[in-house]
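Please look over the sequence and the structure shown here.

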There are 2 protein chains.
Amino acid sequence: MPGVEAVLERLNHEGYRLTGPRRLVLVEVLQRATPFTSAELWDAIQQTAPTIGRATVFRTLDLLTRLGVVQRIHRDAEAGRCHAYLACDERHHHHLICNSCGNVTDFHEDRALEALVREVERRTAFQIEGHRLELVGTCPACRDNTQSHVGDKC
Amino acid sequence: MPGVEAVLERLNHEGYRLTGPRRLVLVEVLQRATPFTSAELWDAIQQTAPTIGRATVFRTLDLLTRLGVVQRIHRDAEAGRCHAYLACDERHHHHLICNSCGNVTDFHEDRALEALVREVERRTAFQIEGHRLELVGTCPACRDNTQSHVGDKC
DNA sequence: GAGTTATTGATACCATGTATCTATAAGGTG
DNA sequence: CACCTTATAGATACATGGTATCAATAACTC
């Protein structure tokens, strides 16, 4: 997760203007360690800066996504609620999402995945160019909690 | 991809009623070999059976998804258009999606994936319970086409 | 400080899906 | 077969996530 200043510098370097609203949204985004929905972000921003428009939040999210500062992740939720956003660094990596507390850990495991890709390429004659992989499970902390007491949200 | 009759029988067996609208949506779904959006399905159904309500289409898609006859897949599309549906058989498997023609091939590659899961579990102490994996690339037919001429949609 | 232009906020809009509610029809029962 | 029960249908309104548009504003350049 890069710092606010680093991202601002990069925006500037790429010719984007360093506006107040952008800074605000960026700060709010980088504060979050777990995935958030656009609605959650929008709510938080309305608390701290009620003058900022909804469109600006979406535009900034979109910009940050294109820059790789934020990733969109998919969830098997109902309704339109299938997207969440997550601040993360740029390198290609995958996410490990805790079912219980929502925390996300990154992992970079490319050897096994490349083996899989090569095997599938061999068997199907596809030329594989990309992948989406997310693992879901229970993080160490939540596992410990559920072993001691039955409360399901930690 | 199971046949229409097999799915109807299963619906019946599980206590669902075999109604006209359900049959129609089911037939329309099973005809499709490539992923489709709800809008595409709805359009097609309006052509052949204009009296069927939109809600019924969504309800049937939902039912078929719960039964495993249809899978929701995620795409990195803009707007709300992130979902597509795909008729497929029930076994757990993954999808191989052609960037060019949209065709989807299933693959069952669990050895390499399990190796990956075990490795990540070891390194992160997560208890991994599930995954989402989709590979995207170019199918053999499209690869041949793009090699001969430059047209990008096959 | 002035000018250019990217960006903003407001508003209206679109698309995907769900909730609700009355009418209907499926399928079991006599 | 007629009847009853209840799942399901269609209609409508609504919720949500996101985009298009457009006049006003504020960043940066000179």
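A residue is near a molecule or strand if its C-beta atom, placed from the backbone, lies within 6 Å of it. On that basis, 30 residues lie around DNA strand D, and A:L18, A:S38, A:A39, B:G53 and B:T56 come nearest. This is a predicted model, in which local features need pLDDT of at least 70 and side-chain atom pairs count only at pLDDT 80 or more, while totals for chains, interfaces and linings use all residues. Residues are numbered from 1 along each chain as its sequence is written, and chains are lettered from A and ligands numbered from 1 in the order in which they are written.

**Surfaces near the DNA**

- Helices (H or I, at least four residues) and strands (E, at least two) are DSSP runs, numbered from the N terminus.
- Near DNA strand D, two or more residues come from each of α3 (38–48) and α4 of chain A and α2 (20–30) and α4 of chain B.
- The most residues there, 4, come from α4(B).
- The surface near DNA strand D holds 10 nonpolar, 12 polar and 8 charged residues; Ala, Val, Leu, Ile, Met, Phe, Trp, Tyr, Cys and Pro count as nonpolar, Asp, Glu, Lys and Arg as charged, and the others, Gly among them, as polar.
- DNA strand C is surrounded by 29 residues, with A:G53, A:T56, B:L18, B:S38 and B:A39 closest.
- For DNA strand C, at least two residues each are supplied by α2 (20–30) and α4 (54–67) of chain A and by α3 (38–48) and α4 (54–67) of chain B.
- Here α4(A) gives the most, with 4 residues.
- The surface near DNA strand C has 9 nonpolar, 12 polar and 8 charged residues.

- Chain A contains 6 helices and 5 strands, in the order α-α-α-α-β-β-β-β-α-β-α along the sequence.
- Of the 154 residues in chain A, 21% are buried, where buried means that 20 or more other C-beta atoms, placed from the backbone, lie within 10 Å of the residue's own.

**Where the chains touch**

- Contact means that the C-beta atoms of two residues, placed from the backbone, lie within 7 Å.
- In these terms, 34 residues of chain A are in contact with 34 residues of chain B.
- On the side of chain A that touches chain B, β5(A) gives the most, with 12 residues.
- That side divides into 17 nonpolar, 11 polar and 6 charged residues.

**Strand pairing**

- Two strands pair if DSSP finds at least two bridges between them.
- Within chain B, β3(B) pairs with β5(B) in the parallel sense over 4 bridges, and B:L96 stands opposite B:L135.
- Strand β3 (residues 94–98) of chain B has 4 of its 5 residues buried.

Definitions and conventions
Buried ≥ 20, exposed ≤ 12 C-beta atoms within 10 Å, placed from the backbone.
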